[in-house]
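Student: I would like to learn how to read packing and charge pairs from a set of coordinates. Could we work through one case together?

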Amino acid sequence: MTHPEARAFWDRYVPVLIEQGIATATDAPRLQMMAEAWALLRIATKALNKNPINKDTRIAYAEYSRQFAAAASEFGMTPVARSRIVIEKQAKPKIKGRSR
């Protein structure tokens with residue numbers, strides 16, 4: 001992670017997503033992108049609060065907001081997206097030759 005906000009997001013939310021069975025190790029690149037988008041969105045929000053009429057800042061805010069919202073939706077981080085997620089529990093592996 002290149003920004004402390006991205007690291008904080010990762011540390012707070014990724015373990016929860018993994019624990020809930022929503023994310024796995026193969027999702028790491030997309031999760032990192034979501035964390036970075038969050039950090040950029042936070043930076044753009046602060047800049048927008050200081051200068052709300054700056055066109056470049058408004059464009060950056062809109063783009064980072066779109067990127068974050070898209071990724072967050074993929075991982076069920078909104079009420080509507082969460083309602084669409086179906087997590088199938090994996091069966092425990094069976095060991096041949098062993099009986100209980």
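This is a predicted model: local features need pLDDT of at least 70, side-chain atom pairs count only at pLDDT 80 or more; totals for chains, interfaces and linings use all residues.

Student: Is T57 buried or exposed?

Tutor: T57 has a relative accessible area of 15%, and the cut-off for buried is under 20%, so T57 is buried.

Student: Which residues of α3 are buried, and where do they sit around the helix axis?

Tutor: The buried residues of α3 are T57, F68, A71 and A72. They lie on the same side of α3, because the arc they cover around the axis is only 100°. What covers these buried residues includes α1 and α2.

Student: How far apart are the end C-alpha atoms of α3, and what span should its residues give?

Tutor: At 1.5 Å a residue, the 20 residues of α3 should span 28 Å. The end C-alpha atoms are 29 Å apart, which agrees.

Student: What is found at the two ends of α3?

Tutor: At the start of α3, the backbone nitrogen of D56 has a side-chain oxygen of N54 within 3.0 Å. Just after α3, G76 takes a positive phi of about 70°.

Student: How should I read the nonpolar core?

Tutor: In soluble globular proteins, nonpolar side chains tend to be buried together. Here the largest nonpolar core has 15 residues, and F9, L17, A23, L31, M34, F68 and F75 are those with the most contacts inside it. Two or more residues come from each of α1 (4-19), α2 (28-50) and α3 (55-74), and α2 gives the most, with six. Take F75 as a case: beyond its neighbours within four places in sequence, its contacts include L17, A23, L31, M34 and I85.

Student: And the charged side chains?

Tutor: Side chains of opposite charge can pair when their charged atoms come close. The count in this model is five salt bridges. One of them joins K46 and E5 (3.8 Å, N to O). Since K46 lies in helix α2 and E5 in helix α1, this pair ties together parts that are 41 residues apart in sequence. E5 and K46 also belong to a network of salt bridges with R42.

Terms used. Residues are numbered from 1 along each chain as its sequence is written. Side-chain values use heavy atoms; hydrogens and water are left out. A nonpolar core is a set of buried Ala, Val, Leu, Ile, Met, Phe, Trp, Tyr and Cys residues joined through side-chain atoms within 4.5 Å. Buried means under 20% relative accessible area, exposed over 50%, partly exposed in between (1.4 Å probe, protein chains only). Helices (H or I, at least four residues) and strands (E, at least two) are DSSP runs, numbered from the N terminus. Contact means heavy atoms within 4.5 Å. The expected span of a helix is 1.5 Å times one less than its number of residues. The arc is that of the directions from the helix axis to the C-beta atoms. A polar contact is a pair of N or O atoms within 3.5 Å; within protein, one must be able to donate a hydrogen and the other to accept it, and residues adjacent in sequence count only if both atoms are side-chain atoms. A salt bridge is a side-chain nitrogen of Lys or Arg within 4 Å of a carboxyl oxygen of Asp or Glu.
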